[in-house]
Amino acid sequence: MPLTSGDVRDKRFSTSRLRLGYVQEDVDALLRRVEETLRALEQGTRPSKVITASDVMRSQFRTTVMRPGYDEEEVDAFLDEVAETLRGLGLYSQQLRAGKHSAEYFRRTAAPRPRAPVSSRMRPEDIRNKGFNTTRLRVGYSEEEVDAFLDRAEATIAALVNGQPTEAPLTASQVREVQFSSTRLRSGYVETEVDAFLDEIADELERYGLH
């Protein structure tokens with residue numbers, strides 16, 4: 001459910017003292033901007049200083065150890081909700097580069113994605129058109145690395161579909177063993193979604209005997 005200005009105003013976070021936390025003033029300042037934007041939209045007026053999903057996703061906070069700070073995981077999770085609400089209102093930056101397998105990228109693509117023929121076997125377009133949700137400050141997989149690897153996976157499936165298994169660049173074991181860099185202070189693909197799709201690809205390659 002989309003957040004309201006009241007939800008943002010009334011949000012409270014746990015505090016940490018002996019472990020890393022976000023500087024409270026930094027988080028409060030960002031949330032005030034979010035609240036002002038949402039309140040203006042609720043009142044049918046134009047916000048004086050619009051904050052977008054891109055602004056939220058790119059925000060960074062100082063950290064504190066020996067004085068109270070907001071719990072990082074709680075803030076990260078709430079900001080994911082904030083960004084999703086702003087996207088739903090159309091407040092995302094057109095300058096924000098989304099990975100080509102991100103749900104954000106597909107939402108902004110003008111041309112409709114082609115529908116693959118109904119088949120029990122995986123097709124190259126199944127990989128090309130796969131979309132993942134993205135994280136903001138929580139750990140995710142590097143979009144660039146996942147995109148590049150899925151290009152190879154798409155080429156592999158294309159070779160198999162065309163009856164050219166010797167041209168397939170990947171095996172199932174390579175898919176299962178691949179590792180990607182993690183991101184935190186910038187967007188990344190949700191790890192569990194990527195892992196699940198890679199399992200599907202590996203299973204398909206094993207059906208072709210590419211163990």
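The expected span of a helix is 1.5 Å times one less than its number of residues. Helices (H or I, at least four residues) and strands (E, at least two) are DSSP runs, numbered from the N terminus. The model is predicted: local features need pLDDT of at least 70, side-chain atom pairs count only at pLDDT 80 or more, and totals for chains, interfaces and linings use all residues. Residues are numbered from 1 along each chain as its sequence is written, and side-chain values use heavy atoms, with hydrogens and water left out.

The chain holds 9 helices and 8 strands. It has 211 residues, and 44% of them count as buried (under 20% relative accessible area; exposed is over 50%, partly exposed in between; 1.4 Å probe, protein chains only). Among contacts (heavy atoms within 4.5 Å) with a separation of 6 or more, 81% join residues 24 or more positions apart.

Helix α9 spans residues 191–207. Its 17 residues reach 25 Å from first C-alpha to last, close to the 24 Å expected at 1.5 Å a residue. Buried in α9 are V194, F197, L198, I201, A202, E204 and L205. These residues line one face of the helix, because they fall within an arc of 160° seen down the axis of α9. The arc is that of the directions from the helix axis to the C-beta atoms. An α-helix has 3.6 residues a turn, so residues three or four places apart point the same way.

The cover over the buried residues of α9 includes α6 (124–128), α7 (143–161) and α8 (172–177), along with strands β6 (140–141) and β8 (188–189). T192 and R207 are exposed on the other side of α9. G209 follows α9 and has a positive phi, near 85°.
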